[in-house]
Amino acid sequence: MKSEKEQQLIEQAYAEIEKYQDMVEKDYYRLHYHLMPPVGLMNDPNGLIHWNGVYHVFYQWMPFHTGHGAKFWGHYTSCDLVHWKQENIALAPSEWFDKNGCYSGSAIDNNGVLTLFYTGNVKDEHGNRQTYQCMAVSKNGIDFEKKGVVVTLPDGYTAHFRDPKVWKKGENWYMIVGAQSKSLDGLAVLFRSKNLFDWEHLGAIAGGNLNQLGDFGYMWECPDLFELDGQEVLLVCPQGLKAEGMKYHNVYQSGYFVGRLDYETAQFLHGPFTELDRGFEFYAPQTMLDAKGRRILIAWMGVPGQDEDKHPTIAHRWIHALTLPRELKLKNGKLYQTPVEELQMLRKDKIAYSNVTIANEEMMLEGISGDVIELNLENIRLLGGIMEIAIRNTARIIYNSGERVLTLERKSFANGLTEKRQCRLERLHSLHMFLDTSSIEVFVNEGEEVFTARFFPYKNNQTISFAANGHLVFDIQKWSL
């Protein structure tokens, strides 16, 4: 049973949805095939799970305004990762242990009971933070009952201790939590349990000034640890990294380490940190394993504190979205991300050209335009020089074959100036793009690199042009979605 306070908050949130529904839905920049909040602010995806044949995606949600605050858990379900249903609100910040926010967490199947773990955020009248790892359960996957606190803050950490991800290995349950040490290093901290209520603190398995890493940010958020192709992958979001060359240009980063976790000694030996996405808006990724054995990732299409107050959608009482679901593969120690194959169900009105040739010129291709489309360029052969794709006069994709650099440029929605994100790329042979009114996701070389961004073009400009300084040949397919 939900408490009277929680039920009251949920009713207030539903009233907010109803009050602003028309305003929200009239926004041209609403996305067509991405998950968004019905009103207010969406951030981290939470509780990703494939349970009883249904995909569940929960998310951090502030229904009452477009800024951050005491978060709820919103909830979507799908049978195919394409068509989504908005479910009842799962959690509201109502109890002494979560009154200032039901912060991020994860979901597991515990003998047929869908079980959520989340961080209860509490602040006193002086702004001092307390943090609790909490549990909620549901037998039908829709209606959740809070079970309260299962982990309190261990010694050695500040109250920045959150985002529990839980999984089972052998007979034990494990929980990894994002943390900050008393010396202000970001850490990923491991716990073990037999019953999900009593947790043994095993210590930090990775973090700043551990495992020869050196200084590496003052807080690690949203950890996720999973096995892929016989190795363990640790996803984390370090806060406080300084830009280095083409790396770490967003306010906060999101990336991964590949290594081996010794579950007995709680030691994680890992390689270097690699960013997951090279674009502007990507944070707080979480993964799930589905019945097909796929490791599927969804992230927040946003970054905390990165011009969030400048998004034009705020005028329509909503902000942010989630990325497309992506299947992960590990190839030679590197994560590859590809859009899940189910997205092909959205395709209609195919247009295709083979051996398009561009030599020192710019051109448009008949029918290759639009604002809600999928574009796939394959067999790209760039013989010297630079290729460029200009999208709706607001974004450009540029590959410089001499410098071996791939660039995504956009007009900033904060100040209108051109800004860019880049990565090194030895060779470009394919670009798979998803455009959705105000978002772009670019999968490069079958997922070797990915660029994710929001952008806000004029509604009437749906042009896409191709140019080459040099000799360029490619095949292209376009679908409306």
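**Figure 1. Lining of the largest pocket.** Strand β9 contributes the largest share of the lining of the largest pocket, five residues. The model shown is predicted. The volume of the largest pocket is about 430 Å³. Its lining consists of 21 residues, and V166, W167, K168, L289 and R295 lie nearest the centre. Two or more lining residues come from each of β1 (40-51), β5 (102-110), β9 (157-169), β13 (219-228) and β18 (283-289). By class, 11 residues of this lining are nonpolar, two are polar and eight are charged.

**Figure 2. Lining of the second largest pocket.** The second largest pocket has a volume of about 340 Å³. It is lined by 18 residues, with N43, K71, Y103, R162 and E221 the closest to its centre. At least two lining residues come from each of β1, β5 and β9. Strand β9 gives the most to this lining, with three residues. The lining of the second largest pocket divides into four nonpolar, seven polar and seven charged residues.

**Figure 3. The largest cavity.** Six cavities of 30 Å³ or more are present in the structure. The largest cavity holds about 90 Å³ of space. Of the 14 residues that line the largest cavity, G105, D163, C222, P223 and Q286 lie nearest its centre. Strands β1, β5, β9, β13 and β18 each give two or more residues to this lining. The lining of the largest cavity has six nonpolar, four polar and four charged residues.

**Figure 4. Salt bridge between K146 and E6.** The structure has 28 salt bridges. In the one between K146 and E6, the closest N and O atoms are 3.6 Å apart.

**Figure 5. Salt bridge between K85 and E87.** K85 and E87 form a salt bridge in which the closest N and O atoms are 3.9 Å apart. K85 has a relative accessible area of 51% and is therefore exposed, the cut-off being over 50%. E87 is buried, at 13% relative accessibility.

Figure 6. The side chains of R396 and E409 form a salt bridge, with an N to O distance of 2.8 Å. This pair links distant parts of the chain, R396 being in strand β25 and E409 in strand β26 (residues 405-411), 13 residues apart. R396 is partly exposed, with a relative accessible area of 29%, whereas E409 is buried, at 16%.

Figure 7. R317, a residue other than glycine, has a positive phi near 70°. R317 is placed in the loop between β19 and β20 (318-319) and is partly exposed, with a relative accessible area of 23%. R392, also not a glycine, has a positive phi of about 55°. The loop between β24 (372-391) and β25 (395-400) holds R392. R392 counts as buried, at 2% relative accessibility.

**Figure 8. Confidence along the chain.** The chain has a mean pLDDT of 98, and 100% of its residues reach 70 or more. Confidence is lowest in strand β16 (residues 267-270), at a mean of 96, and highest in strand β19 (residues 295-300), at 99.

Methods
Residues numbered from 1 in each chain as written. Predicted model: local features only at pLDDT ≥ 70, side-chain atom pairs only at ≥ 80, totals over all residues. Heavy atoms only, no water. 1 Å grid on protein atoms, 1.4 Å probe; cavity = no way out; pocket = protein on both sides within 12 Å on 5 of 7 lines; lining within 4 Å. Points joined across faces, edges and corners; volume = space filled by probe spheres on them. Helix = DSSP H or I, 4+ residues; strand = E, 2+ residues; numbered from the N terminus. Nonpolar A, V, L, I, M, F, W, Y, C, P; charged D, E, K, R; others polar. pLDDT = per-residue confidence, 0-100. Buried < 20%, exposed > 50% of the residue type's maximum accessible area, 1.4 Å probe, protein only. Salt bridge = Lys/Arg side-chain N within 4 Å of Asp/Glu carboxyl O.
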